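Colleague: Hi, I'm new to this one. Could you walk me through it?

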Amino acid sequence: MMRRKNGNKRYFTRMGTRKKVHTFVRVKPTDDFAHEMIKYGDDNKSIDIHLKKDTRRGVVNNQQTDWSFKLDGVLHNASQDLVYETVAKDVVAQALDGYNGNLVN
């Protein structure tokens, strides 16, 4: 809600824009990065992770081995500047205008 003044009267109006939570993942490969465990979608908006079953847990186990995530973007091996431009720039600008914003690392 936003308070507006009209002469001596005060009234409240609803903000007309509805925003959604955006999700991005940044993948920074290291020397021992498990390339065979992660597959990226062609659209750069999905990521699949596959872990091998732990054979020490026995033949029958219910260990989860596959995860799939659909996101607003996957930043693979991206620079800090690209991450800021893609993810944080609008959130920071809106926070400076008085809106709530949150970035989680």
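Modeller: Happy to! Let's start with Lys89: at 39% relative accessibility, Lys89 counts as partly exposed, a label for values between buried (under 20% relative accessible area) and exposed (over 50%), using a 1.4 Å probe and protein chains only. Keep in mind that this is a predicted model: local features need pLDDT of at least 70 and side-chain atom pairs pLDDT 80 or more, while totals for chains, interfaces and linings use all residues. Residues are numbered from 1 along each chain as its sequence is written, and side-chain values use heavy atoms, leaving out hydrogens and water.

Colleague: Which side chain does Lys89 meet in a salt bridge?

Modeller: That of Glu85, at 3.4 Å from N to O. A salt bridge here is a side-chain nitrogen of Lys or Arg within 4 Å of a carboxyl oxygen of Asp or Glu.

Colleague: How far apart are Glu85 and Lys89 in helix 1?

Modeller: They are four residues apart, so about one helical turn separates them. Helices are DSSP runs (H or I, at least four residues), numbered from the N terminus. Glu85 is partly exposed too, with 46% relative accessibility.

Colleague: New topic: is Leu96 buried or exposed?

Modeller: Exposed, because its relative accessibility is 73%. Leu96 lies in helix 1, which covers residues 80-96.

Colleague: What about Ser46, buried or exposed?

Modeller: Buried, with a relative accessible area of 13%.

Colleague: Which residues make the largest nonpolar core?

Modeller: Six: Val27, Phe33, Ile38, Ile47, Leu71 and Val74. Such a core is a set of buried Ala, Val, Leu, Ile, Met, Phe, Trp, Tyr and Cys residues joined through side-chain atoms within 4.5 Å.

Technical notes. Helix = DSSP H or I, 4+ residues; strand = E, 2+ residues; numbered from the N terminus.
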